[in-house]
Amino acid sequence: MRIGLVGAGRIGAFHAGTLAAHPDVAELLVADADPARAGEVAARHGGRALPVAELFAARPDAVVIAAATGTHAELLARAARLGVPVFCEKPLARDLAGTVAAVRAAERAGTLLQVGFQRRFDPEYAAAREAVRAGKVGRLHTVRTVSSDAVPPPASYVPLSGGLYRDCLIHDFDALRWVTGLEVTEVYAAGANVGADYFRAASDVDTGAVLLTLEGGVLATATATRYHAAGYDVRMELAGTDGQVAVGTGPRAPLGPALPPLGAALPPPGPGPRRPAPPPPPWSGFLDRFATAYAAELAVFLRVVRGEAANPCPPRDALRALLIAEACERSRAEHRPVRPAEPDRLTEEWAAAAPAAPGD
């Protein structure tokens, strides 16, 4: 297959390596707003660099969109007009209206659109989903998620990110729905600023917490921060009447006891038993933690393009996760519980009232 990649930044360059190494990719076309960067990534992975317009004119078999968020809607519209299958990193657009328009454009054109929620392809999250769905924890009653960045993003990124709930916690919201199979019925969100002023200047928070009520009365908490120098920390715990499962608590999780165990003896002086090997370094960031998942989601995308698998992350799922994030933003601003909007009703309203999307 001939695959087009739009975006040669950090995640785009990573995807380029994955695609170039895949046996089903015969040619990789790379485009970026910075032609030099596209050329460098293409040369590194044996691809061909060209402008975005020429990439679409070449009619590749599929396109992977990893460009800046503000360009996603236009790129998705181009793909919809050509009927080209698309894998797109989240978010589909900068705002809710743009996301609804992107979903409409893909659905009206009948175009395959797989959204990049990579945690669905992580072996630990998949095992947790299987355990919960198989009833191994009994009746689920409590879920806890944590997402902590080792270092904050640069100041230039924050005003374009959509904020902590839409940019960071949206992954937790998608994982919460995917693992439990339950919808979020209400949220109560709070946020704080403990670090650099540029978060506050962008009307954002660098630390957030959400209490979510799920169907059946299941309670969940989701916390996130941009400041966690101990290491990149992404975890999920699911507790039920018969047991509990956890994601992200392996040896590279930046966790440790606050104090030595009670009664622990000091090592004797002089020669003695060999000390255990030091633990591996904590995760440094999302590419480090989810490298396997990022590769797996593109491998599945290529199978979906070939008609060998169903879309594992359709655009309606991305819209549902965004609606939870939108409810969190409103809850934080108004200091009250908020119920997420219904995606089906929302898209019907936009279809009736909003102007046509670029690809319609």
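This is a predicted model: local features need pLDDT of at least 70, side-chain atom pairs count only at pLDDT 80 or more; totals for chains, interfaces and linings use all residues.
Contact here means heavy atoms within 4.5 Å.

Helix H6 (residues 123–133) lies across E7, strand E11 (233–240) and E12, and runs at about 165 degrees to E12. Another helix, H13 (residues 315–334), packs on the sheet too, touching E8 and strand E9 (207–214). The direction of H13 makes about 50 degrees with that of E8.

What is the strand order in the sheet itself? Reading across, you get E8-E9-E10-E7-E11-E12, an open sheet of 6 strands with mixed pairing. Strand E8 (184–192) and strand E12 (244–247) are the edges, each pairing on one side only. On average, neighbouring strands are turned by 10 degrees against each other, direction ignored.

Inside that sheet, strand E7 (residues 140–148) and strand E10 (residues 219–225) run parallel and are joined by 7 bridges. Threonine 145 stands opposite alanine 222 in E10.

Now for alanine 220, which also sits in strand E10. Buried or exposed? Alanine 220 counts as buried, because its relative accessibility is 1% and the cut-off for buried is under 20%. Leaving aside residues up to four places away in sequence, alanine 220 touches Val143, Leu176, Val210, Leu211, Leu212 and Leu214.

One of those contacts, leucine 211, is found in strand E9. Leucine 211 is partly exposed, at 43% relative accessibility. Together with Tyr188 and Leu219, Leu211 makes a nonpolar surface patch of about 270 Å².

On to the charges. Side chains of opposite charge can pair when their charged atoms come close. The structure holds 29 salt bridges, and here are a few of them:

| Pair | N to O distance |
|---|---|
| Arginine 306 and aspartate 24 | 2.2 Å |
| Arginine 320 and glutamate 183 | 3.7 Å |
| Glutamate 334 and arginine 336 | 2.6 Å |

The bridge between arginine 306 and aspartate 24 links distant parts of the chain, 282 residues apart. Arginine 306 is in the loop between helix H12 (291–305) and H13, while aspartate 24 is in the loop between helix H1 (10–21) and strand E2 (27–31). Arginine 306 is partly exposed at 32% relative accessibility, and aspartate 24 is partly exposed at 28%.

The pair of arginine 320 and glutamate 183 spans 137 residues, from helix H13 to the loop between helix H9 (169–180) and E8. Arginine 320 is partly exposed at 22% relative accessibility, as is glutamate 183 at 24%. Both belong to one network of salt bridges that share partners, along with Arg120, Asp174, Arg177 and Asp317.

Technical notes:
Residues are numbered from 1 along each chain as its sequence is written. Side-chain values use heavy atoms; hydrogens and water are left out. Two strands pair if DSSP finds at least two bridges between them. Helices (H or I, at least four residues) and strands (E, at least two) are DSSP runs, numbered from the N terminus. Axes are lines fitted to C-alpha atoms, for helices over the stretch in contact, and angles run from 0 to 180 degrees between N-to-C directions. Patches are made of residues with over 30% relative accessible area and no salt bridge: like charges are joined within 9 Å, nonpolar side chains (Val, Leu, Ile, Met, Phe, Trp, Tyr) within 5 Å. Accessible areas come from the Shrake-Rupley method with a 1.4 Å probe; for residues, only the protein chains shown count as cover. A salt bridge is a side-chain nitrogen of Lys or Arg within 4 Å of a carboxyl oxygen of Asp or Glu. Buried means under 20% relative accessible area, exposed over 50%, partly exposed in between (1.4 Å probe, protein chains only).
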